[in-house]
Amino acid sequence: MKSTIVNIWKTMNRPAAHISLGVLTLGGFLAGIIFWGGFNTALEATNTEEFCISCHVMEDNVYKELQETVHWSNGSGVRATCPDCHVPHNWTDKIARKMQASKEVFAMVFGNYGEEGAFEAKRGELAQHEWDRFSANGSLECKNCHDYDSMDFSKMSANAQTQMKLAAEKDQSCVDCHKGIAHKLPEGYSGAGNMMEELAALTKDTEFSDGKTVVSIRHLKLFEDAAMTVEAGEVKPASEMKIITSEGDAVQVEIDGWRKARGFARVIQEDFGMNIGVAALTKKAAKNKQIIKKGKKQVDELTGLPWQKVTATLWIKKEGLLNDVTPIWEKSEQAYKNNCSTCHTEPEVAHFDTNTWPGMFDGMLAFVNFDTDTEALVLKYLQKHSSDFAENSH
């Protein structure tokens, strides 16, 4: 053993061409420490909020949006900064993320993001990149703070408990259900994809002949006059109307339905006793005898409320209307299945009746990203295909 140690010492002490091997080894070790320290310091410098918002595009857009959310200010006093949400904490994943982010830095330096409107134009694409990344790694960054094993489900609402327990069983990615919680969603973004754009494209073939039926694809304004200067309320998505006559860009339509014969009775429902919204009128329009034609009255035995058959004659602009409701139901069905099956198996549409579906649907909306028009279309699809309209339902 002694001879081995002596031999090692002689080797280390043997002079190289100019410097001993021992000095070179020690120097290399010290250089490695200095390099690693410098590298780690630089790495952590790029892992700060100050670095992230040093780019004006980030500071003027997503950073301002973050400050309006619970991740910025909350009762616990814990603030999530940019790297908390966009950089994994463990070292190997962090390095991989930094290598990936180098492309983003290049695009920011040499791209046109500084031009007015450029960032918003790219927001959808950039958001999708992050959503895909979060889905691929199981929302690793979110779980740095929000760990399923640490959750106290008893402190959640009944609906949240159900959804979160199912998510925990599958170790589900957080962004599958939670988007738009730290930054605003891209303009026009809907969990239903291009549903509204596709329906809008179909409206170019709509016929506006007298006597034709038209169906709204979104919330549309109603008017008392053909010049469309006096607003009378709005028609709700997926509502049928009969065309009486046309005048320029406007058509006069007839809206049939029922309303509760109490108060100002501004809301017109599709059928007696069923809360399937067709139109919501202004108070003035709802009381105008030239607009509203009253029919028979009937009392709902279930609630004791009196209802009245009504027909409203109003004007609407020639846009956002189809002659056939079929495309609306097809796309709404797909949106329902695609979104509500992300967290759990979606209920059969005919499992609930017409008036139960709104409450059930409201409980789902926290976990999907529907705009108001898509939300209304999907809800009406559920109501119109509920147990009240289906054979052999339960």
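Visitor: What lies 3.2 Å from the backbone nitrogen of I276?

Guide: In this predicted model, a polar atom of the side chain of Q269 lies at that distance from the nitrogen.

Visitor: Why is Q269 called buried?

Guide: Q269 has a relative accessible area of 8%. Buried means under 20%, so Q269 is buried. This residue lies in strand 6, which covers residues 267-271.

Visitor: Why is I33 called partly exposed?

Guide: The relative accessible area of I33 is 45%. Buried means under 20% and exposed means over 50%, with partly exposed in between; I33 therefore counts as partly exposed. Its place is in helix 2, residues 21-45. I33 also belongs to a nonpolar surface patch with L26, F29 and L30, and together these residues have about 410 Å² of accessible area.

Visitor: Why is the aromatic pair of W329 and Y381 called tilted?

Guide: The angle between the two planes is 50°. Planes under 30 degrees apart count as stacked, over 60 as edge-to-face, and the rest as tilted, so this pair is tilted. The centres are 6.3 Å apart, and the rule asks for centres within 6.5 Å. Both W329 and Y381 are buried.

Visitor: Which parts does the pair of W329 and Y381 tie together?

Guide: W329 lies in helix 12 (residues 326-340) and Y381 in helix 14 (residues 372-384), so the pair ties together parts that are 52 residues apart in sequence.

Visitor: What makes the pair of F352 and W357 edge-to-face?

Guide: The planes of F352 and W357 stand at 85°. Edge-to-face applies over 60 degrees, so the pair receives that name. Its centre-to-centre distance is 5.1 Å.

Visitor: How do you know whether F352 and W357 are buried or exposed?

Guide: The relative accessibility of F352 is 17%, and that of W357 is 0%. Buried means under 20%, so F352 counts as buried, and W357 does as well.

Visitor: How many aromatic pairs are there by this rule?

Guide: The count comes to six.

Key:
Residues are numbered from 1 along each chain as its sequence is written. This is a predicted model: local features need pLDDT of at least 70, side-chain atom pairs count only at pLDDT 80 or more; totals for chains, interfaces and linings use all residues. Side-chain values use heavy atoms; hydrogens and water are left out. Patches are made of residues with over 30% relative accessible area and no salt bridge: like charges are joined within 9 Å, nonpolar side chains (Val, Leu, Ile, Met, Phe, Trp, Tyr) within 5 Å. Accessible areas come from the Shrake-Rupley method with a 1.4 Å probe; for residues, only the protein chains shown count as cover. A salt bridge is a side-chain nitrogen of Lys or Arg within 4 Å of a carboxyl oxygen of Asp or Glu. Helices (H or I, at least four residues) and strands (E, at least two) are DSSP runs, numbered from the N terminus. Buried means under 20% relative accessible area, exposed over 50%, partly exposed in between (1.4 Å probe, protein chains only). A polar contact is a pair of N or O atoms within 3.5 Å; within protein, one must be able to donate a hydrogen and the other to accept it, and residues adjacent in sequence count only if both atoms are side-chain atoms.
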